[in-house]
Amino acid sequence: QVQLVESGGGLVQAGGSLRLSCVASGGILSINGMRWYRQAPGKQRELVAAAISGIPTNYADSVKGRFTISRDNAKNTVYLQMNSLKPEDTAVYYCNADLLLSTGRWLYAYWGQGTQVTVSS
């Protein structure tokens with residue numbers, strides 16, 4: 001069964017750092033398109049960072065210069081390094097990826113279950 005499992009969230013003080021991980025499992029050959037979204041209480045889900053073939057393509061203006069998206073092909077893992085965190089970064093963070101399976105089939109825009117990030121002031 002294909003899964004995207006996020007981890008690395010938690011409680012951190014403003015100015016601190018966290019690194020989120022998103023591990024793809026279940027017959028995954030590679031990850032191509034990859035994205036991190038977040039959803040704060042009472043707000044719509046928003047795109048935070050995106051990359052194709054491990055190359056960042058865009059960041060939300062609110063995180064530019066602070067967040068970095070990356071990929072480890074060997075581990076089928078996508079990362080989001082978050083530095084200089086602010087209370088307004090508090091949200092549930094979701095991984096979303098385009099996955100090439102060992103069967104040759106593609107799964108597009110596959111979602112993880114999310115991980116909570118809370119930044120205290």
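User: How many aromatic pairs does a search of the whole structure find?

Analyst: A pair of aromatic rings is described by the distance of the centres and the angle of the planes. Rings of Phe, Tyr and Trp (its six-membered ring) pair if their centres lie within 6.5 Å; planes under 30 degrees apart are stacked, over 60 edge-to-face, and the rest tilted. Here the search gives 3 aromatic pairs. One of them is Tyr94 with Trp111, edge-to-face at 6.2 Å centre to centre and 85 degrees between the planes. Tyr94 belongs to strand S9 (residues 91-101) and Trp111 to strand S10 (residues 106-111), so the pair ties together parts 17 residues apart in sequence. Strands are DSSP runs of E, at least two residues, numbered from the N terminus.

As for the source, this is a predicted model, where local features need pLDDT of at least 70, side-chain atom pairs count only at pLDDT 80 or more, and totals for chains, interfaces and linings use all residues. Residues are numbered from 1 along each chain as its sequence is written, and side-chain values use heavy atoms, leaving out hydrogens and water.

User: Is Tyr94 buried or exposed?

Analyst: Buried means under 20% relative accessible area, exposed over 50%, and partly exposed in between (1.4 Å probe, protein chains only). Tyr94, at 14%, is buried, while Trp111 is partly exposed at 36%.

User: Which residue's charged end sits over the ring of Tyr94?

Analyst: A charge sits over a ring if NZ of Lys or CZ of Arg is within 6 Å of the ring centre and within 35 degrees of the ring normal. Here that residue is Arg45, 3.8 Å from the centre of the Tyr94 ring. Arg45 also lies over the face of Trp111, 4.6 Å from the ring centre.

Methods:
Helix = DSSP H or I, 4+ residues; strand = E, 2+ residues; numbered from the N terminus.
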